[in-house]
Amino acid sequence: MAESFGREFTIVEATSDSGSTEIWLAFAKPSQAVTLVLAAVPEGWTAHILPAVLSEKQQKMFEEVELKPGEVYRLSSE
């Protein structure tokens, strides 16, 4: 049986070896979000959860991305 990813968004910051950063949205529990993002970025990157409380407007905006549980989406890169 597949593990449940939950029904929440988690924001993760990923950092490359050179120090550039990307912000990712994971439709997963915080305990799973970092692993999902690390699977999406190049080897050697690090990632950590950005503590954030999403406003209702942000929640609706993220829902428009139409992620399925366990999927990630890059929001920005520097």
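Is Glu66 buried or exposed? At 65% relative accessibility, Glu66 counts as exposed, where exposed means over 50% relative accessible area, buried means under 20%, and partly exposed lies in between (1.4 Å probe, protein chains only). The structure is a predicted model, in which local features need pLDDT of at least 70 and side-chain atom pairs count only at pLDDT 80 or more, whereas totals for chains, interfaces and linings use all residues. Residues are numbered from 1 along each chain as its sequence is written, and side-chain values use heavy atoms, with hydrogens and water left out.

Glu66 is placed in the loop between helix 2 (56–63) and strand 4; helices (H or I, at least four residues) and strands (E, at least two) are DSSP runs, numbered from the N terminus. The phi angle of Glu66 is near 60°, which is a positive value in a residue other than glycine. Most residues other than glycine have a negative phi.

The strand arrangement was examined next. Strand 1 (9–15) is mostly covered, with six of its seven residues buried. Strand 1 pairs with strand 2 in the antiparallel sense over seven bridges, two strands being taken to pair if DSSP finds at least two bridges between them. Within this pairing, Thr15 has Thr21 of strand 2 as its bridge partner. The hairpin formed by strand 1 and strand 2 has five residues between the strands, and in this hairpin Gly19 takes a positive phi near 100°. Ser16 also belongs to the loop between strand 1 and strand 2, and Ser16 is buried, with a relative accessible area of 10%. The side chain of Ser16 makes a polar contact with the side chain of Ser20 at 2.8 Å; a polar contact is a pair of N or O atoms within 3.5 Å, for which, within protein, one atom must be able to donate a hydrogen and the other to accept it, and residues adjacent in sequence count only if both atoms are side-chain atoms. Strand 1 is also joined by four bridges to strand 3 (residues 46–49), and these two strands run antiparallel. In strand 3, Ala47 stands opposite Ala14.

Charged side chains were then considered. The structure holds one salt bridge, defined as a side-chain nitrogen of Lys or Arg within 4 Å of a carboxyl oxygen of Asp or Glu. This salt bridge is formed by the side chains of Glu22 and Arg74, with an N to O distance of 3.5 Å. Because Glu22 lies in strand 2 (residues 21–27) and Arg74 in strand 4 (residues 72–77), the pair ties together parts that are 52 residues apart in sequence. Glu22 is buried, with a relative accessible area of 11%, whereas Arg74 is partly exposed, with a relative accessible area of 43%.

A search of the whole structure finds two aromatic pairs, where rings of Phe, Tyr and Trp (its six-membered ring) pair if their centres lie within 6.5 Å, and planes under 30 degrees apart count as stacked, over 60 as edge-to-face and the rest as tilted. Phe9 and Phe27 form a stacked pair, at 4.8 Å centre to centre and with 25° between the planes. Phe9 lies in strand 1 and Phe27 in strand 2, so this pair ties together parts that are 18 residues apart in sequence. Phe9 counts as buried at 12% relative accessibility, and Phe27 counts as buried at 6%. Together with Phe62, Phe9 and Phe27 form one aromatic cluster.

The largest nonpolar core has ten residues in all, among them Val12, Trp24, Val34, Val37 and Trp45; a nonpolar core is a set of buried Ala, Val, Leu, Ile, Met, Phe, Trp, Tyr and Cys residues joined through side-chain atoms within 4.5 Å. Strand 1, strand 2 and helix 1 (30–40) each supply at least two residues of this core, and helix 1 gives the most, with three residues. A second, separate core of six residues includes Phe9, Ile11, Phe27 and Phe62.

Leaving aside its neighbours within four places in sequence, Val34 is in contact (heavy atoms within 4.5 Å) with Val12, Ala47, His48 and Ile49. Val37 lies in helix 1 and is buried, with a relative accessible area of 0%. When residues up to four places away in sequence are not counted, Val37 touches Val12, Ala14, Trp24, Ala47 and Val72.
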